[in-house]
Amino acid sequence: MSEELLSFYDEVGGEPVFAKLAHEFYKGVAKDPVLKPMYPEEDLGPAEERLKLFLEQYWGGPSTYSETRGHPRLRMRHMPYKINPDARDRWLGHMENAVDSLKLPPLQRETLLEYLERAAYAMTNTFED
């Protein structure tokens, strides 16, 4: 009898966990004077849903993101916005607060934060203020 391997998505608790992560993240973004202007919608709900769907798919959950939006193309989608080290660090700070709100075991917390840090650095597209 073989053991079935769980995806990270399933290990951490699936959809409710990623919904909370995205929600807590955007609560911080909504109050951030540098990041909030990067979101064209006044209501951050659509961005929150996109983030949730992307992270769910990335971590082994449903492929709804690709089914509705196509390939993620993260760098291309973020290129119109000036993402300098300050914006990157603010993004990471809000994301770390959101991850901490999940109260994950240390290994899962670190796994998630390591990916998010790599992603944030990959999205940095300018070093000007």
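Reply: The buried residues of helix 6 are covered by parts of the chain that include helix 2 (15–30), helix 3 (45–58) and helix 7 (106–123), where contact means heavy atoms within 4.5 Å and helices are DSSP runs of H or I with at least four residues, strands being E runs of at least two, both numbered from the N terminus. This is a predicted model, in which local features need pLDDT of at least 70 and side-chain atom pairs count only at pLDDT 80 or more, while totals for chains, interfaces and linings use all residues. Residues are numbered from 1 along each chain as its sequence is written, and side-chain values use heavy atoms, with hydrogens and water left out.

The residues of helix 6 that are buried are Ala87, Arg88, Trp91, Leu92, His94, Met95, Ala98, Val99 and Ser101; buried means under 20% relative accessible area, exposed over 50% and partly exposed in between, with a 1.4 Å probe and protein chains only. An α-helix has 3.6 residues a turn, so residues three or four places apart point the same way. Helix 6 runs over residues 85–101, and its 17 residues should span 24 Å at 1.5 Å a residue, which agrees with the 24 Å between its end C-alpha atoms; the expected span is 1.5 Å times one less than the number of residues.

At the start of helix 6, asparagine 84 places a side-chain oxygen within 3.1 Å of the backbone nitrogen of aspartate 86. Just after the helix comes lysine 103, with a positive phi of about 55°, although this residue is not a glycine. Lysine 103 belongs to the loop between helix 6 and helix 7, and it counts as exposed because its relative accessibility is 71%. Arginine 88, one of the buried residues of helix 6, has its charged end over the ring of tyrosine 121, 3.9 Å from the ring centre; a charge sits over a ring if NZ of Lys or CZ of Arg is within 6 Å of the ring centre and within 35 degrees of the ring normal.

Helix 3, one of the elements covering helix 6, has 14 residues that should span 20 Å at 1.5 Å a residue, in agreement with the 20 Å between its end C-alpha atoms. Its buried residues are Ala47, Leu51, Lys52, Leu53, Phe54, Leu55 and Glu56, and glycine 60, just after this helix, takes a positive phi of about 100°. Glutamate 48, also in helix 3, is in contact with Ala19, Ala22, His23 and Tyr26 when neighbours within four places in sequence are left aside. The side chains of glutamate 48 and histidine 23 make a polar contact of 3.2 Å, that is, a pair of N or O atoms within 3.5 Å, of which, within protein, one must be able to donate a hydrogen and the other to accept it, while residues adjacent in sequence count only if both atoms are side-chain atoms. Serine 66, found in helix 4 (residues 64–69), has a side chain joined to that of glutamine 57 by a polar contact of 2.7 Å.

Tyrosine 9 and phenylalanine 18 form a stacked pair, 5.6 Å centre to centre with 15° between the planes. Phenylalanine 25 and tyrosine 26 have ring centres 4.8 Å apart and planes at 75°, so this pair is edge-to-face, and both residues are buried. Ring pairs also link Phe8, Phe54, Tyr58, Trp59, Tyr65 and Tyr115 into a cluster.

For the chain as a whole, there are seven helices and zero strands, and 40% of the 129 residues count as buried. Of the contacts with a separation of 6 or more, 68% come from residues 24 or more positions apart.

Note on methods
Phe/Tyr/Trp six-rings, centres within 6.5 Å; stacked < 30°, edge-to-face > 60°.
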